[in-house]
Amino acid sequence: QSCAGADAPPLARDRPIMVADTIRLLLFPAMMAFAASSDLLTMTISNRVSLALAAAFLALALASGMSAPDLLRHLGAGATVLAVAFGCFAMGWVGGGDAKIAAGAALWFGFGHLMNYLLYASLFGGALTLLLLQFRQWPLPVMLAGQSWLVRLHAKETGIPYGIALAIGALMIYPETEWN
């Protein structure tokens, strides 16, 4: 008899639901936090993070029984953000990792929460940019000069680790979505 059958113990029957809940509650926030910290410390966001977000979304959408039209809307939101963000990347306005992580978050949010996400990410991005520009006007204290990530962040020719703003915006919106 199958482990997932009606006579199976409750824990075995509920295992697919528990896995889906784990993905839903932990993976997205963890991946966004990892992207932010990675961007802060290295000024890069690994492609693995974006791929993990996409794979987890697809697994969760299928496990939760998302309808085909809803799935297509989420895919459309992700594709739209990817196209626009890569246009921004081509112009030198954002990094490639930022473009991919924004698209990964948009995939999870769909068009229903996309504008709020982009608004939050823009507001946090503006604040982050202003803070970093101000931080870069001051000399870096000697006791912090040995921290390579901080030296890189302080350098005026270095870009803005916008993945931080994208992650914070995503974490602000996530509780409002169907995934919470």
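Modeller: Helix 4 bends by about 125° at Gly 110. The bend is the angle between axes fitted to the seven residues ending there and the seven starting there. Helix 4 covers residues 96–135 and has 40 residues. Its end C-alpha atoms are only 24 Å apart, short of the 58 Å that a straight helix would reach at 1.5 Å a residue. That expected span is 1.5 Å times one less than the number of residues. Helices here are DSSP runs (H or I, at least four residues), numbered from the N terminus.

A word on provenance. This is a predicted model, in which local features need pLDDT of at least 70, side-chain atom pairs count only at pLDDT 80 or more, and totals for chains, interfaces and linings use all residues. Residues are numbered from 1 along each chain as its sequence is written, and side-chain values use heavy atoms, with hydrogens and water left out.

Now helix 3. The structure holds 1 salt bridge. Asp 70 and Arg 73 form it through their side chains, at 2.4 Å, N to O. The criterion is a side-chain nitrogen of Lys or Arg within 4 Å of a carboxyl oxygen of Asp or Glu. The two residues are 3 apart in helix 3, so about one helical turn separates them. Asp 70 is partly exposed at 32% relative accessibility. Arg 73 is also partly exposed, at 43%. Buried means under 20% relative accessible area, exposed over 50%, and partly exposed in between (1.4 Å probe, protein chains only).

Leu 72 is found in helix 3, residues 68–90. Leu 72 is exposed, with a relative accessible area of 58%. With Leu 58 and Leu 75, Leu 72 forms a nonpolar surface patch of about 260 Å² accessible area together. Patch residues have over 30% relative accessible area and no salt bridge; nonpolar side chains (Val, Leu, Ile, Met, Phe, Trp, Tyr) are joined within 5 Å, like charges within 9 Å. Areas come from the Shrake-Rupley method with a 1.4 Å probe; for residues, only the protein chains shown count as cover.

Next, a loop. Met 43 sits between helix 1 (10–42) and helix 2 (47–63). Its phi is positive, about 60°, although Met 43 is not a glycine. Most residues other than glycine have a negative phi. Met 43 is partly exposed, at 22%.

Last, helix 5 (residues 148–154), which holds Val 151. Leaving aside neighbours within four places in sequence, Val 151 is in contact (heavy atoms within 4.5 Å) with Leu 140 and Ala 145.
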